[in-house]
Amino acid sequence: MDFLTRGYIAIRGDKGQPQSVDETIEKLADCLETATLLEDRRAAVLSLKGLKVGSQSFPGLIKVLHTDHNDGDITKSILETLTVLCSVEREGLAEDKGYKYTDMFLKDSPNVAIVLDVLEEFDFYVRYSAIKFLATLSYNRNAGIQQCILTSPMGITRLVDLLNDKRDIIRNESLLLLISLTQNNAEIQKLVTFQATFEKLLTVIEDEEGISGGIIVQDSLTLMHNLLRYNVSNQIYFRETSCMQQIPGLLGYVGDSEADHVPFSYEDWPPQKIANTVLVLDLCRILTEPDGVNTAVNQKVMAQSSILLPIVQLGICSNAPAIVRTAAIYSIAYVVYGNELVQDLFAKTVVSTPPRLIDGEIDPTSPPSGLPRPAMVSLIAIAVAADPGIDYSYTSRAAAAFAVSACLEGNAEAQLVLASMLKVPPEDNINSQYQDKPFSAGSLLLESVQNWELSAADPYKVWFSCTILSHVIMGNEQAKKTAGSIVFGDEASGEEPVPLLHHIMAQLLMATRNPTTNPRIPIGYLCLLCTWLYDSPESVSLFLSESTHIQFLIQEIQSSANDPTVQGLAAFLRVDTFTSLLSRLRDSPAVKNAPQYLEISPEDESISLSTGSLPSLLLDSTFVEFFKDTYEQTTRALKRKPSSFKSKTEALSPEIGGVDASQVESYKHTISQQANEINQLKQQLAQFESSKATIQDLQQQVAQLESSLKAAQGQEAALQQKVSELEKGRGVLQQSLSNMEKEQEDLLVCMGEQDMDIKKYRKRLRDRGEVVTDSEDEEE
């Protein structure tokens, strides 16, 4: 109770005199600075905690924190007081005192280091107070506290170790703190990662029942996003530690993974499960971002881990909400994008046909499961809304269209396969009477492209079909020939055969003549035609074989009633139009705001649902890139005079662009000489490489000899030491032998003297008449 008494005296003042609040704070602050007893400082801190302390006591609080951080009561009270002082009341206002005190505390990095040291204290309230204070500092000045933490050798380790705390509140608060600290700082991201953080987070997610868990799963996945997004080294660590292989398990898969097709999945989708699932799917996209450094390797590892099964099921054959379906389809697109191995694996994937749904429930009158079909067919069916009774969101349809283009990216063989499927079903098709009749990928596209009137209520049906067909033939002349060979009309019945290219122009003509037609329909057709005719002389010849096509384009360009985007595309398709229309198209919102990867924002989707309007998606981003790449070339060609264009025969004449044949021969001779010099340099390089190999062998031999010499030198030193020890032993033996010889000489002298005495005594005995026998002589 002594510290309470001291606190009371400090507040009451000497001799019970009343004091103002400012006087009390000043006195307590002075006590923090000057008190020598721990109890006095503890009393001052506890007293200040309940008062509106200011800059007077702030330095004292920091000083006591440094000196008495081992005292739990003082530390807890100081941290709570500092948290209140640094809390911002008016966010964004630079003059707010919270920002001021935060800057004062972060001015010296040892201040943050001491708070990190406090995290070693296991007491719940001390550790919790330290985390909350660090979170407040991070919220106010995230960059500042990040730099301070980097100067602390054990700071990151102590923060990550909090994930092992069995107390949920501590673990959850530490997760939120790490999420804040790992934002936009690659160095902290690396340091956090190499503390086995991924393994700890995956353990937390598993303990919380995976994507069916609560908010802690969402926080764990968010932290994983921060650590992996745009961080190449962390992605490598994530892959090499086999964490990437656990992603399919997080999503789960309903059904037998060894079955011949992916079954339809029907699950409950509470809001938290939706949020967690989307985060896992976004994790797949982060790891397989198109054109990323690690993308190809990550795609291969994820495919080997059977990631296609759960994401195909979620995106194509499940009752997942639109946001989950869209995220799953984009995940499919990212995993297969530009990777022929994974593209082929997806092309072999078969899925069940989705059942008819009524208000999100399976129609009891419909068959339990339709005929299995290729996953590619399902993607196209989603894009063009071909499944009866299922209302796909615009975001899901855009994702499906992009996924199809991703399956074709960089894969000319896949383009040819899909182009070869562009066949119109026969009129006597026995499946025509069935609403859920089977169809191929090509027939789905043609069915939407060949009759725009079927898309009058859904303009995106034609738009997505034309976009997908553009990717089928883009940059592939053989695919263009295959598509150009498709004809409509039966000659046997007296009908004139119409090529697909002409049929598309006819559909475009009819669509533009109808004043109620949505601009997306002609935009889709025009984008397809631009892609088809670009850099394809045969296709251009086929297009120009019908004279009305040019007249139609001129009319579209000159018509002031047309949509600016339609006018610009018609001008882009024509070779003799005005550059101003192309410039107008280039600067239009349709080109500038074309979303990457055909993504429709949730806000755009929400507005279209609430107002009954269509999203703002008008142009495919791939077509926009194609337009931008060819814009300069097209405008330059339009500004040139016709006489400046040379025919191929003229281009091959002896005089090329003002350069005569002699100059050409001179250039050829120079090139030949340079080729010879290159060959000689290559030979010299080969000799150098051979010499280099010989030098490396000699260096290895020298290294071995040096190693042997060092070993011999070591043995010699050991032998010399042994000889020295033997020499020392020999000296000792010689000294001992010398002593023994001296002792022997002394014994011989003594024996000689004794022998003389014996002889003397025998003589005396004989002189006295005593008989001395020979035996006695012998014994003597």
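## Surface and overall make-up

The protein chain exposes about 42,000 Å², of which carbon and sulfur atoms supply 53%. This is a predicted model, and the values that follow are computed from its atoms. Of the 780 residues in the protein chain, 43% are buried, and the chain is built with 39 helices and six strands.

Contacts across the sequence can be summarised in one figure: when pairs at least 6 apart in sequence are taken, 69% of the contacts in the protein chain join residues at least 24 apart.

## The nonpolar core

The largest nonpolar core has 182 residues, and those with the most contacts inside it are Phe105, Leu134, Leu159, Ile247 and Leu619. Helix α23 gives the most to this core, with eleven residues.

## Helices α23 and α24

Helix α23, which spans residues 394–408, packs with α24 at an angle of about 120°, and the axes of the two helices are 7 Å apart. That angle makes α23 oblique to α24, since the range counted as roughly perpendicular runs from 65 to 115 degrees and roughly antiparallel begins over 145.

On the α23 side the contact is formed by Val404, Cys407 and Leu408, which meet Ala414, Gln415 and Leu418 in α24. By class, the residues of this contact divide into five nonpolar, one polar and no charged.

## The enclosed helix α25

Helix α25 covers residues 441–449, and because eight of its nine residues are buried, the helix is largely enclosed by the rest of the structure. The buried residues of α25 are Ala441, Gly442, Ser443, Leu444, Leu445, Leu446, Ser448 and Val449.

What do the buried residues of α25 pack against? Their partners are the helices α22 (375–383), α24 (412–420), α26 (459–473), α28 (500–513) and α29 (520–533), together with the strand β5 (487–488).

## Lys628 in helix α36

Lys628 lies in helix α36, which runs over residues 621–639. With a relative accessible area of 44%, Lys628 is partly exposed, because that value falls between the 20% limit for buried and the 50% limit for exposed.

Lys628 and Arg586 are 42 residues apart in sequence, while in space their C-alpha to C-alpha distance is 7.6 Å.

Notes
Residues are numbered from 1 along each chain as its sequence is written. This is a predicted model: local features need pLDDT of at least 70, side-chain atom pairs count only at pLDDT 80 or more; totals for chains, interfaces and linings use all residues. Side-chain values use heavy atoms; hydrogens and water are left out. Buried means under 20% relative accessible area, exposed over 50%, partly exposed in between (1.4 Å probe, protein chains only). Helices (H or I, at least four residues) and strands (E, at least two) are DSSP runs, numbered from the N terminus. Contact means heavy atoms within 4.5 Å. Axes are lines fitted to C-alpha atoms, for helices over the stretch in contact, and angles run from 0 to 180 degrees between N-to-C directions. Angles under 35 degrees count as roughly parallel, over 145 as roughly antiparallel, 65 to 115 as roughly perpendicular and the rest as oblique. Ala, Val, Leu, Ile, Met, Phe, Trp, Tyr, Cys and Pro count as nonpolar, Asp, Glu, Lys and Arg as charged, and the others, Gly among them, as polar. A nonpolar core is a set of buried Ala, Val, Leu, Ile, Met, Phe, Trp, Tyr and Cys residues joined through side-chain atoms within 4.5 Å. Accessible areas come from the Shrake-Rupley method with a 1.4 Å probe; for residues, only the protein chains shown count as cover.
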